[in-house]
Amino acid sequence: MGGEGALVLYSGGQDSATCLAWALECYERVETIGFDYGQRHRVELECRTDLIAGLRAQFPAWLERLGQDHALRLDALAEISQTALTSDMEFRLAEDGLPNTFVPGRNLIFLTFAAALAYRRGLKRIVTGVCETDYSGYPDCRDDTIKAMQVALSLGLNRRLVLETPLMWRDKAQTWALAQRLGGEALVELIRVRSHSCYAGERTHEHAWGFGCGACPACDLRSVGWDKWRA
Ligand code: ZN
């Protein structure tokens, strides 16, 4: 895929960590962007830097490619949304079937900021871990949404931008399999222990699939995917 650089939307979860490894395998120059929008659990942001440190320490082949990490504050996002991730509400499904963790249009906002940064940094590709397979509830993670955003951003910036979605059609089991293909058991173990998915922000209980409460929808998805992959 050549010498063009990529900017990875990297939150510190299993999906975006796998995307980061994928980008490091594909591109010679890789930078990361993460958003701080008042997430209820700061642990997410801590896992984020922890996992990058692990990649740097354990994968010397990727070290040269891994560039700057950009952490952007998006306080305005918390101001316009009252959701389970940013306030003290319990996780539940809303009447329209969307989890109340959903910040309307959040991913569109992330992609727009990422595109502006990619433009400034001279990076042609943006890599995001969105996926239709597991999360049918998030309309801004759909393949059609991403394709439309690629067109809108390329036109609006007057520069060709490519949005890469390596996980779009992979389920969680296939995402673990991809991690293994990219970095072997060492990468699987790094992602298992240092990435964070749990909506409850729980990091004291270790399971076969990593840390989490074991009861929220994110833990559920992660454990089912892990079991399926291990089987
Ligand atoms: Zn959980």
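Tutor: Happy to. Two strands pair if DSSP finds at least two bridges between them, and the elements themselves are DSSP runs, with helices (H or I) of at least four residues and strands (E) of at least two, numbered from the N terminus. The model is predicted: local features need pLDDT of at least 70 and side-chain atom pairs count only at pLDDT 80 or more, while totals for chains, interfaces and linings use all residues. Residues are numbered from 1 along each chain as its sequence is written, and side-chain values use heavy atoms, with hydrogens and water left out.

For orientation, the chain comes to eight helices and seven strands. Of its 231 residues, 53% are buried, where buried means under 20% relative accessible area, exposed over 50% and partly exposed in between, with a 1.4 Å probe and protein chains only. Of the contacts (heavy atoms within 4.5 Å) with a separation of 6 or more, 68% join residues 24 or more positions apart.

Now the sheet. It is open and has five strands, in the order S3-S2-S1-S4-S5, with parallel pairing. S3 and S5 (162-164) stand at the edges with a single partner strand each, so one side of each has no neighbour in the sheet. On average, neighbouring strands are turned by 25 degrees against each other, direction ignored; the axes behind such angles are lines fitted to C-alpha atoms, for helices over the stretch in contact, and angles run from 0 to 180 degrees between N-to-C directions.

S1 (residues 6-9) is covered on both faces, with Ala6 and Val8 buried on one side and Leu7 and Leu9 buried on the other. Four bridges pair S1 with S2 in the parallel sense, and alanine 6 has valine 30 of S2 as its bridge partner. S2 is joined in turn to S3 by six bridges, again running parallel, and aspartate 36 stands opposite arginine 73 in S3.

Leucine 74 is buried, at a relative accessible area of 10%. Aspartate 36 lies 38 residues away from leucine 74 in sequence, yet their C-alpha atoms are 5.8 Å apart. Neighbours within four places in sequence aside, leucine 74 is in contact with Phe35, Asp36, Tyr37, Ile109, Phe110 and Phe113.

Phe110 brings us to H5 (residues 106-121), where it is buried along with residues including Leu111, Ala114, Leu117 and Ala118. The 16 residues of H5 should span 22 Å at 1.5 Å a residue, and its end C-alpha atoms agree at 23 Å apart; the expected span is 1.5 Å times one less than the number of residues.

The axes of H1 and H7 come within 10 Å and cross at roughly 70 degrees, which makes the two roughly perpendicular; the classes are roughly parallel under 35 degrees, roughly antiparallel over 145, roughly perpendicular from 65 to 115, and oblique for the rest. From H1, residues including Ala17, Ala21 and Trp22 take part, and from H7, residues including Trp176, Leu182 and Ile191. This contact divides into nine nonpolar, three polar and three charged residues, counting Ala, Val, Leu, Ile, Met, Phe, Trp, Tyr, Cys and Pro as nonpolar, Asp, Glu, Lys and Arg as charged, and the others, Gly among them, as polar.

H7 and H8 (residues 217-230) pack at about 85 degrees, with axes 10 Å apart, and are therefore roughly perpendicular too. Trp176 and Ile191 of H7 are among the residues of this contact, as are Leu221 and Trp226 of H8. Here the count is eight nonpolar, two polar and six charged.

Asparagine 158 is found in the loop between helix H6 (143-157) and S5. Its phi is near 55 degrees, a positive value in a residue other than glycine. Most residues other than glycine have a negative phi. Asparagine 158 is exposed, with a relative accessible area of 71%.
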